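Please open the model in a viewer and keep the selection tool at hand.

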Amino acid sequence: MAPREGKTPDSRLDPQVAHRLKELSLLVSLPQITVRLIQLISQPNSSLQELRGVVERDPALTAKVISLANSTYYSLRNPTKTVERAITIIGFQELGLLALGLGLTETFNVSLAPKGFDVESLWIHSLAVSWVSQRLANKLKSVESGEAMIAGLLHEIGTIVLVSKFPLLFQRLLDLILAGRPGLEAESVLKIRHEIVGHELASLWKLPEGYQEAILCHHNPELAGRYKVLAAMVALADVLAHKIGFGLPTEVCEVDLGYSLKTLGLTPGDLQEFIRETIVAAKDILPLWRQLLKTGEPTTTQKSRFSALIPEKS
Ligand SMILES: [Fe+2]
Ligand SMILES: [Fe+2]
């Protein structure tokens, strides 16, 4: 799927960035195991044995899975030593998310990110949008939940590429934002809209078209075509992640919520109820994300965000 020329005024990429992305797509490929996991999780009839088989082929992933199942988050009485039990404890899709996240962090080294940019917030945001997309899919049943989860995890792949592979350009972007330009506008000035960068890479990698479209349209779901439901779901999850405290500092989400709600068949009342439930559930999921990222305890800011968000008697 090609970017829609003309529908977005700034859909052209800086030619040097476009050229470098083509080179990158040849030099940097997603690990085979990540590609296989994307297939497995996207298919509703994949089995636990298939997932186990993929995980056990990678010793580092096996160790991480077992250590996560034995972490304080799950408070097991008897530690597990097998991948099979670890999968049962962690959950099929959650484990897939962990493995995919590891694949991405392995492929994109964000240690070169400019000072002042909170890399952790980028990963947490990606995990949050993945999780909210999955919850929406479970509620609405119009998209496979594994597919929604992956689309959510990948939606900021463009930002991840910019941070890890174009750190100097990303620094210029941060400078513009610090000078008061809104994030998306600043990206347009530099011709590095992250949705376009992400879509370009996803299409060079030949990821399934639904993911390509969700990545491209996550700030403009009304531009999506065949996969408009998936795109609207990720766009809504993106806004909700911002609303519940897991936004990206480089962007303000100004999406036409009305369009997403109509496309998904949700009323404003449904949305309010979904937000309330999600805020309560988010309180329990944050420690798992931090465990995945090995970043320790929630920061004071996150703690205070939660205490402000969560109803007193929940
Ligand atoms: Fe975005
Ligand atoms: Fe986002």
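Helices (H or I, at least four residues) and strands (E, at least two) are DSSP runs, numbered from the N terminus. This is a predicted model, in which local features need pLDDT of at least 70 and side-chain atom pairs count only at pLDDT 80 or more, while totals for chains, interfaces and linings use all residues. Residues are numbered from 1 along each chain as its sequence is written, and chains are lettered from A and ligands numbered from 1 in the order in which they are written.

**Two loops**

Select Lys206, in the loop between α12 (194-204) and α13 (209-216). Its phi is positive, about 60°, although Lys206 is not a glycine. Most residues other than glycine have a negative phi. Burial is counted from C-beta atoms placed from the backbone: a residue is buried if 20 or more others lie within 10 Å of its own, exposed if 12 or fewer, and partly exposed in between. Lys206 is exposed, because 10 other C-beta atoms lie within 10 Å.

With 8 C-beta neighbours inside 10 Å, Lys141 counts as exposed.

**The whole chain**

Now display the entire protein chain. How many helices and strands does its secondary structure comprise? There are 17 helices and zero strands. Of the 314 residues, 39% count as buried. Two residues are in contact if their C-beta atoms, placed from the backbone, lie within 7 Å. Among contacts with a separation of 6 or more, 67% join residues 24 or more positions apart.

**The nonpolar core**

A nonpolar core is a set of buried Ala, Val, Leu, Ile, Met, Phe, Trp, Tyr and Cys residues joined through C-beta atoms within 7 Å. The largest such core has 84 residues, and Val65, Leu230 and Met233 have the most contacts inside it. Helix α14 (residues 228-243) gives the most to this core, with twelve residues. Select Met233: leaving aside neighbours within four places in sequence, Met233 contacts Ser133, Leu136, Ala137, Val143, Ala148 and Leu264.

**Helices α2 and α8**

Select residues 32-42 (α2) and 145-154 (α8), whose axes come within 7 Å and cross at roughly 140°. Axes are lines fitted to C-alpha atoms, for helices over the stretch in contact, and angles run from 0 to 180 degrees between N-to-C directions. Angles under 35 degrees count as roughly parallel, over 145 as roughly antiparallel, 65 to 115 as roughly perpendicular and the rest as oblique. The two helices α2 and α8 are therefore oblique to each other. Ile38, Ile41 and Ser42 of α2 make the contact with Gly146, Glu147, Met149 and Ile150 of α8.

Glu94 is found in helix α6 (residues 92-107) and is partly exposed, with 18 other C-beta atoms within 10 Å.

Is helix α9 (residues 157-165) largely enclosed or open? Nine of its nine residues are buried, so α9 is largely enclosed by the rest of the structure.

Finally, select helix α16 (residues 268-293), which bends by about 40° at Lys283, with a proline, Pro287, following within four residues. The bend at a residue is the angle between axes fitted to the seven residues ending there and the seven starting there. Thr278, Ala282, Trp289 and Leu292 are the buried residues of α16, and they pack against α6, α7 (119-140) and α14.
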